[in-house]
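Please read it alongside the structure shown here.

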Amino acid sequence: MTLNDLKWIPRGLCLGLLAFAIFGPLTNLVLWAVTERWYFPHALPLEYGFTYWAKVFSPRGNATVSLLTSVMIACLTVVVSVGLAIPAGYALARLKLPLRGVILLLLLIPQAFPNLPVYVNIARIFYQFGLNGTILGVVLVHVTHGLVYAVWIATAAFSAVDGELEEAARSIGASAMRTFVDVTLPIAAPGLLASSIFVFLESLDEFTGTYFVGAPDVSTLPLLLYTAGSGGNYQIASITALVLLVPSIAFMFVIEKFLRADVLSKVGR
Amino acid sequence: MPVPFLGLLLVTPALLVVTLLFIVPLASSITGAFDVDGNFGIGNFQKAFELYSSDIVFTIVIVLLSSVLIGLCSIAIGGYLTLGNNPRAVSILKWLYRWPLFIPFIVVGQILRTFLAKNGLMNSMLMESGILTAAQTISFLDWRGIVIAFVWKQTPFVTLLIAGAMASLDRAMIESARNLGASRLRILVEIILPQVLPTLLVGLILSFVTMMSVLSVPLMINAQSPTMITASMAFRINAYGDYGVANALGVISLMTTSVVAWIHLRQTMREHR
């Protein structure tokens, strides 16, 4: 046996450690979600079962209400953010803009500064308008957060559309609007779809803004997770976390199918 | 309609939302920090430093340490993805590293809280396998837990960015360096890294800002003092309704990030012109 034959050992060890670091915590979450009884010093749960699932998803349970609220808020956020991002992204990618530098700066600032001080003051401003604790208030906060990403992804998606196709459509007599609807939009659609999914997930997972603006009247899944977890109710917290986890991981696996590498490389820049 | 005005018309709604719901509250966090009972003053800052100076130091140390670790891990993973000889190991790594990419911080907080606790699954497994005894187990639910949570969650994001940049590099230079007998580590440090440095910097800056904004992780993992200033701000508001000191802490976190934000804004603006 030569030294070369043993080279797989450090490689395997490193991959094993990484797998442990990633899947260890995830396994722990799944275990907690199906645990009936589990206490120290037992390494594994003493009893498995789904009674907590029944409790969480009972018609009168908090989770069902929170899940519906979360999904409704996320859908509204997607409609508003993407509705604003499509025209803005198209203008940034295709049209000559006066004050381009100022516009870019305004759209970059939310990424460059921490948003917690902003949420604190939004909550204070919303309070004066009676928006605190309302669905509308929470949607507005999520839109601000999602919009910036949506604009950048939309800009990248429109930039990746071949301009010659648009010119060809125009030269055979299509109007600007028709060219946009029949040529540009379908080609940019996968990128726009990815941006919608991304905004949806960001809204579904958002904690800080909802905590300041929505709580305690509007309860979303992340707020329910937080309350259950701080009450020491790890089963309910883990079940809620699992519900949030599944769409996130699914998106991670499909993102490259939606966003080609050239679009992906422009996101967040 | 002339084209410049059409463009302006199309971006205006989005700009209005960003201005009203981000720029205005951002400005009012700064004015609010200097507002002491309706008068201009620096009382809030004095109080913030008096009560929370250890939290400020704690925050900066944790975020810097996490950024360094995230940078090192993502260079290592990205480097192996680009230079790895074993195709199977590369594809396993590619599949493996991305799992935490879109997992929300609140979920990361919950799963690491149960995993890293003194009687959590990690210690149980180490005890079962005979590596530790019950007396040797320690809880990681302090500053180490926060750093682990940040590195766990943000490494895939930075890796995704720099692995993309590494993949689009010119392979000819790497191959010729290899043919001349340069080791892979040397190729990574001397040829690849300098070329992907701008991307790495963008990724790390976005992570830095994200970590400065996260409230759920310090609340869930480190429920003791000192803690991160995000948690102190939330406490100041929920317990005392004290927006002055909370805003002063907010301005301190804005100033901390403004250094890196400035680098980011300058570089991105240059690329978009």
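Which residues of chain B does the UniProt annotation "domain: ABC transmembrane type-1" cover?

1. The annotation, taken from an unreviewed UniProt entry, spans residues 56–264 of chain B; UniProt positions follow the numbering used here, feature names are shortened, and annotations may be inferred rather than shown by experiment. The model is predicted: local features need pLDDT of at least 70, side-chain atom pairs count only at pLDDT 80 or more, and totals for chains, interfaces and linings use all residues. Residues are numbered from 1 along each chain as its sequence is written, with chains lettered from A and ligands numbered from 1 in the order in which they are written.

2. Residues 56–264 of chain B are 78% helix and 0% strand, with end C-alpha atoms 23 Å apart. Chain B as a whole has eleven helices and two strands (DSSP runs numbered from the N terminus: helices are H or I, at least four residues; strands are E, at least two). Their order along the sequence is α-β-β-α-α-α-α-α-α-α-α-α-α.

3. Along the principal axes, the C-alpha atoms of chain B fill a box of roughly 75 × 70 × 30 Å.

4. Chain A comprises domain 1 (3–49) and domain 2 (61–264), with bounds from an automatic or database domain assignment. The centres of these two domains of chain A, taken over C-alpha atoms, are 34 Å apart. Five residues from domain 1 of chain A and six residues from domain 2 of chain A make up the contact (C-beta atoms, placed from the backbone, within 7 Å). On the domain 1 side, helix 1 (residues 8–33) of chain A gives the most, with four residues.

Definitions and conventions. Two residues are in contact if their C-beta atoms, placed from the backbone, lie within 7 Å.
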